[in-house]
Amino acid sequence: MLSLLIVVPLLGSLVISLWPGRLSASTLKTIGSFCLAFTLVWLGVLARQFDLTTSNLQFEELFPWIEKLGLRYRLGKDGLYLPLMGINSLLGLVAFYISEPEVHRPRLYYALMLVINGAVAGAFLSTTLLATLSSL
């Protein structure tokens, strides 16, 4: 569930970057805005399900990544990062809407804005940089 907050902006960046042919800046802006609006709505859905009475991590995701090294992918959200994720998603969407219509390299500009949004979401949601299976 939390992975969508990271993956959707990164996939939007790939769509913008790898779309064949020439796209107008307004089309690129629309694609990016849709991705960021989706993450903001999804964050709202998660926020409604968030239990404010507990201080534990919620919506945890844990997947083995490189088993030979004991590495895993782990995400979780607590009460501190919930408003920060909301600010990240909202500011990303606002930045898309207020960006100038005449950007010199719109494909690169909007793709990198989505990468930044996904990377910040990943930094807020990750529980450890590289967690080993033996640490629990």
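Glu-60 is partly exposed, with a relative accessible area of 44% (buried means under 20%, exposed over 50%, partly exposed in between, using a 1.4 Å probe and protein chains only). This is a predicted model, in which local features need pLDDT of at least 70 and side-chain atom pairs pLDDT 80 or more, while totals for chains, interfaces and linings use all residues. Residues are numbered from 1 along each chain as its sequence is written, and side-chain values use heavy atoms, leaving out hydrogens and water.

The side chain of Glu-60 meets that of Arg-74 in a salt bridge at 2.9 Å, N to O (a Lys or Arg side-chain nitrogen within 4 Å of an Asp or Glu carboxyl oxygen). Since Glu-60 sits in strand S1 (residues 58-66) and Arg-74 in strand S2, the pair ties together parts 14 residues apart in sequence. The count comes to 1 salt bridge by this rule. Helices (H or I, at least four residues) and strands (E, at least two) are DSSP runs, numbered from the N terminus.

## Helix H3 and its two faces

Which residues of H3 are buried? They are Leu-82, Met-85, Gly-86, Asn-88, Ser-89, Gly-92, Leu-93 and Phe-96. These cover an arc of only 160° around the axis, which puts them on the same side of H3 (the arc is that of the directions from the helix axis to the C-beta atoms). The face turned away from the buried side carries the exposed residues Leu-91 and Ile-98.

## H1 against H2

The axes of H1 and H2 come within 9 Å and cross at roughly 175° (axes are lines fitted to C-alpha atoms, for helices over the stretch in contact, with angles from 0 to 180 degrees between N-to-C directions). That makes H1 roughly antiparallel to H2 (angles over 145 degrees).

Definitions and conventions:
Angles under 35 degrees count as roughly parallel, over 145 as roughly antiparallel, 65 to 115 as roughly perpendicular and the rest as oblique.
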